[in-house]
Amino acid sequence: MTLLTVDGLTITTASGQALVDDVSFAIERGGRTGLIGESGSGKTLTALAIMGLLPEGLEVSGSITLDGEELVGRSDRALTVHRGNSMSMIFQEPMTAMNAVMRVGRQVSEPLRIHRDMSDSDADAEAVALLEAVGIDRPEQRAGAYPHELSGGQRQRAMIAMALACGPALVIADEPTTALDVTVQAQVLSVLRSRLAATDAALLLITHDLPVVAGITHDLLVIEGGKIADRGGTRELFDTPVHPVTRRLVEAVPPMSRSGEVPTKAHTPSVEDVIISARQLTRTYTLRRRRLREPGPVIRAVDGVSLDIHRGETFGIVGESGSGKTTLARILIGLNRPDRGSITVDGVDLTATKDLRPLRHIAQMVFQDPMGSLDPRMRIGDIVAEPLRSLKIGGDHETRVRELLEAVSLPSDTADRYPHEFSGGQRQRIAIARALAPDPKILVADEPVSALDMSVQTVTLDLLARLKEDFDLTMIFISHDLSVVHRICDRVLVMESGRAVETGPADDVFRTPDHEHTRQLVASIPRLDGTVSA
Amino acid sequence: MRWKRVNLVVGAAIVALVIVTALVSFVWTPYDPQQISSTERLLGVGENGHVLGTDQFGRDVLSQIMVGSQTALFVGVLAVGIAVVIGIPLGGLAAARRGWTEEGVMRLSDVIYAFPPVLLAILLVAAVSPGVGPAMVAIGIAYVPIVARVTRGAALSVFELDYVAAARTYGRRKTYIFVRHVLPNIASVLIVQVTVLFALAILAEAALSFLGIGAQPPRPSWGRSLRDAQTFIQLSPRLAVWPGLAIAFTVLGFNLLGDGLRDALDPRLEVRRT
């Protein structure tokens with residue numbers, strides 16, 4: 001029996017531009033449908049239109065029926081009867097999707113108090129049961145905690161518990177695991193799967209991450225430019241993609257995620273010329289004290305890490321969030337200072353000197369968030385020229401900027417424009433051009449592609465690989481994504497809770513992991529054939 | 001969306017009117033605002049060519065109100081100028097340095113913040129001399145914590161952004177980063193705050209002049225006009241109405257402008273417009 005019917009859904013802006021164009025599909029009761037596409041393709045707008053949560057100023061036409069009831073054109077008030085009740089939504093970022101000043105238990109049970117008229121004490125008791133069902137340990141205690149006191153994975157589990165509280169017929173999950181680590185992602189996906197099976201709710205899973213839909217949905221919709229480009233069974237579309245859009249998406253999936261195999265790659269053993277040498281690096285943070293007389297808890301972000309990075313290699317640092325990889329990178333580039341340990345970068349002893357200016361010429365960094373790493377009030381030309389001015393590098397800056405933009409394959413008129421005029425991938429290229437401006441020997445890239453779409457990731461990784469050769473760089477590549485690291489890195493270092501647990505050539509580490517944590521990471525990678533071995 | 005623009009347009013129009021009035025009053029007023037005439041005391045609206053009548057000394061009310069706008073704008077510029085010149089660097093310093101510097105700056109702010117601005121002004125005026133200058137210096141100092149807090153709060157979030165980290169990787173110092181990368185990105189928040197403080201400063205001057213410790217004769221002031229009108233409130237209530245309206249109108253203008261600017265400069269709206 002059909003639960004949700006979307007027929008000819010069109011969403012237009014005030015200026016008449018169609019963001020979603022004639023989208024039609026249906027979901028059966030208890031069905032599992034994936035909606036995949038790149039960012040800006042209209043997936044999230046489609047979801048918001050079903051929930052009736054579209055931002056102001058957008059025109060909706062067409063028809064959306066849930067259980068035979070038309071939703072388009074209904075007042076916001078009429079729709080509140082359905083939201084959180086017969087249909088609910090799981091958002092990408094559980095930190096911002098939850099109220100920071102409301103206890104988790106109260107939030108999870110809020111739909112029950114609204115739609116089921118439950119008393120506070122009954123609802124609180126039910127919240128504990130719901131949290132337990134999604135696999136949160138010590139649920140009584142967690143129910144009394146605030147969102148920031150839970151980990152990202154726990155928050156997302158709590159979101160799932162909340163979405164399923166009223167036993168909805170339809171759950172819409174918008175990139176539910178994108179903000180999570182691989183091992184946590186695997187756990188959350190399995191919780192989502194088992195809870196859906198237990199409650200018989202239908203699922204519309206929206207994501208740009210193909211392996212994520214592979215393990216959980218039966219049907220698939222491929223959306224591009226606001227139009228449904230391809231549809232069919234998840235298995236067959238991934239096994240034998242025919243439509244060019246689907247094929248492009250499938251091909252952008254890194255080899256390690258495509259099948260369980262770790263493909264061999266030509267490992268180029270570099271000359272043993274060490275450019276960065278670090279010994280016993282330790283960096284701790286003291287958190288705010290909870291009680292007046294007790295000292296605050298100490299976090300060991302980096303805990304006794306030693307490493308040697310060879311000239312000309314691409315060195316990967318992998319680990320989950322909070323494992324200390326970014327802090328380590330920031331120490332290597334002199335943004336943070338270690339509490340203990342020594343570090344030498346191309347002959348500059350960072351622990352001995354206070355003046356880091358020589359280091360600035362040698363090592364530069366590319367950051368994760370391409371929007372946050374560019375000053376929105378500056379023109380691209382000024383952004384790229386900033387390091388030249390700051391480091392007092394002579395020569396014709398304008399020409400140099402043009403060369404750099406050309407090197408990252410951006411058009412020449414880029415220099416006069418502002419960051420917001422560019423897509424995420426283009427902005428990341430601008431950030432790369434800026435990092436290359438002082439002609440550094442070392443480029444530290446901190447999650448440079450994790451905010452980008454799969455196909456853009458591929459292009460950006462290829463660009464980085466090319467620039468590494470052209471500019472004769474040593475690259476330190478930080479990522480939580482093992483398949484990306486495997487693809488681009490010669491050697492890798494695996495971090496867990498501030499410690500380096502395993503180092504070696506990328507092939508060896510991923511094929512025959514020595515450490516339990518590495519094994520767990522490799523096993524948690526979701527795969528296109530739908531299997532997750534964890 | 002559109003009605004939000006109304007605030008901005010109306011606010012800007014009122015503020016512009018006040019500024020133009022102040023400028024015009026430097027070169028022209030219907031009568032000499034200080035001209036005393038024993039034969040024309042307490043004239044009604046429109047009598048003998050006095051559009052808003054005359055006061056107890058026979059001075060033209062409209063001319064006085066026009067010239068009073070000079071004082072209103074002067075106090076706004078002086079008080080807000082002091083608050084901005086001291087408050088923004090302090091807030092920026094707190095956000096850039098963190099740790100003990102931040103604690104020190106913010107606790108000092110708390111101490112100043114604990115004094116009501118008008119009380120602080122009375123103290124300073126008592127210590128120095130009555131007059132708009134000292135009173136507004138005090139008001140300006142009282143507003144420093146407000147500007148410092150807003151600056152720190154907004155700057156803290158910008159200092160966390162990667163473009164600040166990027167600027168450090170290519171060797172920029174924190175002062176440069178604050179001026180070049182942080183300030184332009186928090187300007188909208190500060191502009192809104194400044195317009196609101198401007199309105200508050202005008203109100204504070206009116207209150208102080210009403211108490212007799214603000215503008216001293218012969219400097220015309222709406223607040224003092226109100227005070228003078230008090231004596232004749234039974235005889236001629238309109239004498240209190242005109243300066244009262246002038247104050248209310250100007251404060252409303254700045255508040256609307258602040259509201260309108262807040263909406264117009266909202267970065268989220270900016271993204272949507274592009």
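pLDDT is the predictor's confidence in each residue, from 0 to 100, and it is a handy place to start with this predicted model. Over residues 270-274 of chain B, pLDDT stays under 50. For that stretch the model has two contacts beyond four places in sequence, where two residues are in contact if their C-beta atoms, placed from the backbone, lie within 7 Å. Chain B averages a pLDDT of 86, and 95% of the residues score at least 70. For the complex, the predictor gives an ipTM of 0.73 and a pTM of 0.78.

Residues are numbered from 1 along each chain as its sequence is written, while chains are lettered from A and ligands numbered from 1 in the order in which they are written. As this is a predicted model, local features need pLDDT of at least 70 and side-chain atom pairs count only at pLDDT 80 or more, whereas totals for chains, interfaces and linings use all residues.

## The two chains

Helices (H or I, at least four residues) and strands (E, at least two) are DSSP runs, numbered from the N terminus. Chain A has 22 helices and 20 strands. Its radius of gyration (taken over C-alpha atoms) is 25 Å, close to the 24 Å that the globule rule gives for 534 residues, so chain A is as compact as a globular protein of that length. The rule is 2.2 Å times the number of residues to the power 0.38. Chain B, by contrast, has 10 helices and zero strands.

Burial is listed for both chains below. A residue is buried if 20 or more other C-beta atoms, placed from the backbone, lie within 10 Å of its own.

| Chain | Residues | Buried residues | C-alpha span along principal axes |
|---|---|---|---|
| Chain A | 534 residues | 48% | about 70 × 60 × 45 Å |
| Chain B | 274 residues | 45% | about 75 × 50 × 30 Å |

In chain A, 69% of the contacts with a separation of 6 or more are between residues 24 or more positions apart. In chain B, 70% of the contacts between residues at least 6 apart in sequence join residues at least 24 apart.

## Sheets of chain A

Strands of a sheet pair through backbone hydrogen bonds, either parallel or antiparallel. Here, two strands pair if DSSP finds at least two bridges between them.

One open sheet of chain A has four strands in the order β2-β1-β4-β5, with antiparallel pairing. β2 (18-28) and β5 (69-70) of chain A stand at the edges with a single partner strand each, so one side of each is left without a neighbour in the sheet. Strand β1 (residues 2-12) of chain A is joined to β4 (residues 59-66) of chain A by seven bridges, and β1(A) also pairs with β2(A) over seven bridges.

Another open sheet of chain A is formed by six strands in the order β16-β17-β18-β13-β19-β20, with mixed pairing. Its edge strands are β16 (363-366) and β20 (499-505) of chain A, each pairing on one side only. From one strand to the next, the twist averages 15 degrees. Within this sheet, β17 (residues 442-446) and β18 (residues 474-479) of chain A pair in the parallel sense over five bridges, and A:Ile442 stands opposite A:Thr474 in β18(A). Helix α18 (residues 424-436) of chain A lies across β16 and β17 of chain A and runs at about 175 degrees to β16(A); axes are lines fitted to C-alpha atoms, for helices over the stretch in contact, and angles run from 0 to 180 degrees between N-to-C directions.

The contact between the chains takes 17 residues from chain B and 22 residues from chain A. On the side of chain B that touches chain A, α6 (162-169) and α7 of chain B each supply at least two residues. α6(B) gives the most to that side, with seven residues.

Technical notes
Buried ≥ 20, exposed ≤ 12 C-beta atoms within 10 Å, placed from the backbone.
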